[in-house]
Amino acid sequence: MTMAALILVPSALYAAEPRTTTTLQLRPEGPSISPEEAKALPPQALGDALLAPGHLPVLEVVVGAQGMEPPPPPGGVVPTRVKLYLKPLLSEQSGFCQRTIATTYLQPVSRPEISSASGGRPINLTTEVAYRWIGEARGALACNAPKYAFFIPSLKEKQSALEAVRLLAAASEAAKKGRRLGYSLSLVDKEGPEMLAFQREHPELTPVPGLRIINDAKKALASLPIGEATFAGPSETAFPNILKASDLKTTKSRVARGLTVFLGGDWIAGLVIVDGRIVRMRLQRAIPPPF
């Protein structure tokens with residue numbers, strides 16, 4: 001099958017929503033696709049060109065480098081990475097949606113008559129599972145969210161990462177209802193002072209409405225965007241890690257675990273957990289890197 005055949009018969013690509021399968025595979029005898037063709041195709045069409053029939057709908061794709069990645073070596077012909085973001089579904093993990101992210105590479109095929117690599121077949125399919133907190137929401141649209149609203153925990157730390165988000169969501173809900181928290185809570189707001197200082201230094205710019213310094217830690221906890229978590233995992237793997245060594249002191253009867261959750265681009269929550277309960281929490285609001 002050729003790439004042209006796929007483009008010329010769109011009815012075959014969109015005739016019906018595919019049935020779900022538990023295992024993704026590359027499409028057997030699929031077409032050769034160049035990076036330019038991959039970028040031009042709608043997500044569903046590209047997913048059908050690369051994946052075997054029976055996969056969930058593909059809603060978003062990223063072809064090539066993503067974010068601040070180093071460029072390929074000069075003059076080198078390297079495979080082109082393709083990430084396929086499949087339709088999210090309610091997860092078996094309580095309170096979460098999940099989606100599969102499939103990654104494959106378009107194998108370059110060099111031709112003497114051109115200087116760049118032409119289309120090649122996909123190779124090396126791998127998958128990851130990303131999660132998004134939705135709490136008790138269970139409507140048809142509960143899982144609808146763009147790719148950046150999900151986080152990917154490591155397989156080894158998946159359960160502790162999901163539990164950290166659950167505990168943070170419960171803590172945020174308790175703060176909204178004005179309940180006593182029962183643990184130490186602190187807040188450092190770096191973003192507010194920096195943004196206000198920038199605004200003072202540049203009076204020619206339009207003022208940002210609502211810009212302020214946040215001092216009330218409990219109100220900040222109550223308003224955290226839990227559904228916008230982008231990272232959850234052990235604090236020692238987080239950058240920055242806002243927990244201090246003194247927060248994690250352990251004794252024979254007390255084993256403390258540090259977990260970090262990044263939320264909404266500028267919030268960090270550092271949790272100290274003992275026996276499944278939060279015993280210490282640090283919050284920080286800061287302008288995210290690279291600024």
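User: What makes Lys-147 count as lying over the face of Tyr-85?

Analyst: The rule wants NZ of Lys or CZ of Arg within 6 Å of the ring centre and within 35 degrees of the ring normal. Lys-147 is at 5.9 Å from the ring centre of Tyr-85 and lies over its face, so the contact passes. Keep in mind that this is a predicted model, where local features need pLDDT of at least 70 and side-chain atom pairs need 80 or more, while totals for chains, interfaces and linings use all residues. Numbering runs from 1 along each chain as its sequence is written, and side-chain values use heavy atoms, with hydrogens and water left out.

User: Which ring does the charged end of Arg-99 sit over?

Analyst: That one is Phe-150, with the charged end 5.0 Å from the ring centre.

User: What makes Asp-247 a partner of Arg-280?

Analyst: Their side chains meet in a salt bridge at 3.8 Å, N to O. Arg-280 is in strand β12 (residues 277-285), while Asp-247 is in the loop between β9 (229-234) and β10 (257-263), so the pair ties together parts 33 residues apart in sequence. Arg-280 counts as buried at 14%, and Asp-247 is buried too, at 9%.

User: Which other residue forms a salt bridge with Asp-247, and how far apart are the closest N and O atoms?

Analyst: Arg-282 does, at 2.8 Å. Here the loop between β9 and β10 is linked to strand β12 across 35 residues. Arg-282 has a relative accessible area of 15%, so it is buried.

User: How many aromatic pairs are there, and why is Phe-96 with Phe-151 called edge-to-face?

Analyst: There are 4. Rings of Phe, Tyr and Trp (its six-membered ring) pair if their centres lie within 6.5 Å; planes under 30 degrees apart are stacked, over 60 edge-to-face, and the rest tilted. Phe-96 and Phe-151 have centres 6.4 Å apart and planes at 70°, so edge-to-face it is. Phe-96 and Phe-151 are both buried. Along with Tyr-131 and Trp-133, they are linked by ring pairs into a cluster.

User: Why is the pair of Phe-231 and Phe-262 called tilted?

Analyst: The centres are 5.2 Å apart and the planes are at 40°, so Phe-231 and Phe-262 are a tilted pair. Phe-231 is in strand β9 and Phe-262 in strand β10, 31 residues apart. Phe-231, at 23%, is partly exposed, whereas Phe-262, at 18%, is buried.

Methods. Salt bridge = Lys/Arg side-chain N within 4 Å of Asp/Glu carboxyl O. Helix = DSSP H or I, 4+ residues; strand = E, 2+ residues; numbered from the N terminus. Buried < 20%, exposed > 50% of the residue type's maximum accessible area, 1.4 Å probe, protein only.
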